[in-house]
Amino acid sequence: MIIYSITCIGLNIVVGYTGFFSFARAAFFGIGAYTSALLVMSGVPFLIAIIAGGILAAIFGWILGLITVEMTGDYFALATFAFAEMTRQVFINWTGLTRGPLGLPGIPRPEIFGFRFSTNQAYLFLYIILLILVLIITEMYVKSPFGRLLKTIREDETAAQSLGKNIAKTKNISIAMGAFFGGVGGALYAHYITYIDPSAFVLHITIFFLIIVIAGGMGNNYGTILGAVMLVLVRELPRYLGLSPAFAASLQQMVYSSILVILMLVRPRGLLGERKLLSEQSSEEGGQIRNA
Amino acid sequence: MLETKGIEKNFGGLKAVDNVSIKVKEGTIMGLIGPNGAGKTTFFNLITGFLGADSGEIKFKGKDITNLKPYLISRLGMVRTFQQTRIFPEMTVLENLIVAPQDNVGEGFFDPIFFRKALKDDQKEKISIAVAILKDMGLSDQKDEYAKNLPYGEQKRLELMRAVMTSPDILLLDEPTAGVSQDYTDNMKTYIKKLKNERGITFFIIEHKMSFLMELAEYLYVIDHGKLIASGTPEEIQNNPKVINAYLGSEG
């Protein structure tokens, strides 16, 4: 749940604020997962490894941004989709590094300053702290003029250019930032699940992430967290209800699609919509934003 | 201040802009008129870098800006508006304005983390400037409204105000009164005059409504089929047979 929240907050920067539908999420998630897993397995400390996972994902995000700089809308989505597939093929075929379809087993659980987070409770605690950290950092960004600049790209790139804004650069930063959190999320996933293989980073999971962002409310990080909580609950619920796995799997898909359809009809902006800047308040508090 | 020399643009076999040379003097209001499809907007797109010129030279404040990227031209102090109004619809009126200034603190990657104090102070200042401009234009009541909810005429005014927020030296307006009522047109006229007098902004305006520019502009250029066919004061233009011909067709 928390892993998905972190990943999707990253995705929200790109989709919700900057307005680009990126299908490369699974790729960044996977890059982060593999990087961190391999680093920790060769003796690098956990915290450094997850950040390295994020940074490597961000570098790939930056490169993807450079390539797609002229693309908008559907073209951008397709290019990111192709990028994700390429990355997955690399995971499968670079067997010397990733062991290909065999996957990487026995990824160590997180360890910080000698303390090993082995119980699920300790785990939850660590990940909640990380989520709060990520939330604070991203909120600082999206509430700042930088966040507003991202929105102008979503609203009207041409107009933003006419005001002297360097759109290409800003777009790149946004994609790289989104990729960074995607990478960190992937790293956390790897250390939680302790086993990764290329089948964990398919299109299916990208779509799951997108549903979280759309359902939770594009352009609102709290909405993203709410979306993650809701959808993971929906996914895990059949297990507790004791339904047969085959039935549960198809039920899941139906529930997902129904949630999407219902939300699109009832609340097209997601559960929590975007917040609006109110002038009275902002002139007193200097740029604060609150729920509209 | 702004000068073009023999500027040309072809779309396939069509000469959209053909050897056009103009000069815009500082502190004036100049107009560009011509029938539909004459190449006025294309000409604007060339000057502001949204289209690349095939040949010719564009100089702004003595600097060669031919084929420079639009955002760089805008940063030099030449800002435009669009015929098809381009506001930021899902942002409030106030947000539309405070995002515009080019010296905004906090738009760089590191700013939101390391310069929080400077950023807040700067935002406060920008908000007060924006509120003052809104008051000037009588749009204060709508400042927290989403821009998409404004009537069309007010969206046009918002776009102009947003351009003013960038503190430009010259504003290029592409049909500022297209599709709006007479009230808005008068209001726009007053506001443009005021901006010129109080802020010393130079204007270069494309307009369809002849009457609008006849009163406002000091000097007019006329283009037809991509070619400059006349230039002069509004009176001279009104009586120029070539212009009358282009607008109304020849008398046969």
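Reader: Which helices are included in what covers the buried residues of helix 11 of chain A?
Author: This is a predicted model: local features need pLDDT of at least 70, side-chain atom pairs count only at pLDDT 80 or more, and totals for chains, interfaces and linings use all residues. Residues are numbered from 1 along each chain as its sequence is written, with chains lettered from A and ligands numbered from 1 in the order in which they are written. Helices (DSSP runs of H or I, at least four residues, numbered from the N terminus) cover the buried residues (20 or more other C-beta atoms within 10 Å, C-beta atoms being placed from the backbone). The cover of helix 11 includes helix 1 (2–17), helix 6 (120–143) and helix 10 (203–216) of chain A.

Reader: Which residues of helix 11 of chain A are buried?
Author: Helix 11 of chain A runs over residues 221–241. Its buried residues are A:Asn221, A:Gly223, A:Thr224, A:Ile225, A:Gly227, A:Ala228 and A:Leu231.

Reader: Which helix gives the most to the side of chain B that touches chain A?
Author: The contact (C-beta atoms within 7 Å) takes 29 residues from chain A and 36 residues from chain B. On the chain B side, the elements that each supply at least two residues include helix 2 (70–75), helix 3 (93–98) and helix 5 (116–136). The most, seven residues, comes from helix 5 of chain B.

Reader: Is B:Ala147 buried or exposed?
Author: B:Ala147 sits in the loop between helix 5 and helix 6 (152–165) of chain B. Beyond neighbours within four places in sequence, its contacts include B:Ile87, B:Phe88, B:Gln155 and B:Leu158. Because B:Ala147 has 24 C-beta neighbours inside 10 Å, the residue counts as buried.

Note on methods. The expected span of a helix is 1.5 Å times one less than its number of residues. A residue is buried if 20 or more other C-beta atoms lie within 10 Å of its own, exposed if 12 or fewer, and partly exposed in between; C-beta atoms are placed from the backbone. Two residues are in contact if their C-beta atoms, placed from the backbone, lie within 7 Å.
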